[in-house]
Amino acid sequence: MSERFADMALRCAGLAASALSWTPDTFWNATPAELLASLALPRDRTTPPSRDQIARMIERDHHG
């Protein structure tokens with residue numbers, strides 16, 4: 001059974017609003033990958049990123 005895009009979008013918007021406190025504008029401006037990443041559980045909840053990992057992320061984001 002296929003679900004209409006509008007029905008699925010409404011369900012995803014509701015999930016983003018309740019789980020992430022996203023506004024409709026935030027939801028509609030997010031990519032599907034951003035939505036999935038925001039809803040995904042962390043891979044390892046016990047180990048935070050190291051200083052080196054954070055520095056690499058900052059450097060990567062700084063350069064686009």
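**Note on salt bridges, a surface patch and helix packing**

1. Arg60 is exposed, at a relative accessible area of 52% (buried is under 20%, exposed over 50%, partly exposed in between; 1.4 Å probe, protein chains only). The side chain of Arg60 meets that of Asp61 in a salt bridge, 3.7 Å from N to O (a side-chain nitrogen of Lys or Arg within 4 Å of a carboxyl oxygen of Asp or Glu). Asp61 is also exposed, with 55% relative accessibility.

2. This is a predicted model, in which local features need pLDDT of at least 70 and side-chain atom pairs count only at pLDDT 80 or more, while totals for chains, interfaces and linings use all residues. Residues are numbered from 1 along each chain as its sequence is written, and side-chain values use heavy atoms, with hydrogens and water left out.

3. How many salt bridges does a search of the whole structure find? The search gives 2. Besides the pair Asp61 and Arg60, there is one between Asp7 and Arg4, whose closest N and O atoms are 4.0 Å apart.

4. Helix H4 covers residues 51–62 and contains Ile54 (helices are DSSP runs of H or I, at least four residues, numbered from the N terminus). Ile54 is partly exposed, with a relative accessible area of 37%. Together with Met57 and Ile58, Ile54 makes a nonpolar patch on the surface, and the three have about 260 Å² of accessible area between them. Such a patch joins nonpolar side chains (Val, Leu, Ile, Met, Phe, Trp, Tyr) within 5 Å, or like charges within 9 Å, from residues with over 30% relative accessible area and no salt bridge. The areas are Shrake-Rupley values with a 1.4 Å probe.

5. Asp52 is another residue of helix H4, and is exposed at 54% relative accessibility. Asp52 and Thr26 lie 26 residues apart in sequence, and their C-alpha atoms are 31 Å apart in space.

6. Helix H1 (residues 5–20) packs with helix H3 (residues 32–39) at an angle of about 40 degrees, and the two axes are 11 Å apart (lines fitted to C-alpha atoms over the stretch in contact, with angles from 0 to 180 degrees between N-to-C directions).

7. Arg11 sits in helix H1 and is exposed, with a relative accessible area of 53%. From Arg11 to Ala37 the C-alpha distance is 17 Å, for a separation of 26 residues in sequence. Leu35 belongs to helix H3 and is buried, at a relative accessible area of 11%. The C-alpha atoms of Leu35 and His62 are separated by 22 Å, the two residues being 27 apart along the chain.

8. Ser21 deserves a look at the backbone. Where does Ser21 lie? Ser21 is in the loop between H1 and helix H2 (24–29). Its phi is near 60 degrees, a positive value in a residue other than glycine. Most residues other than glycine have a negative phi. Ser21 is exposed, with a relative accessible area of 62%.

Methods: Helices (H or I, at least four residues) and strands (E, at least two) are DSSP runs, numbered from the N terminus.
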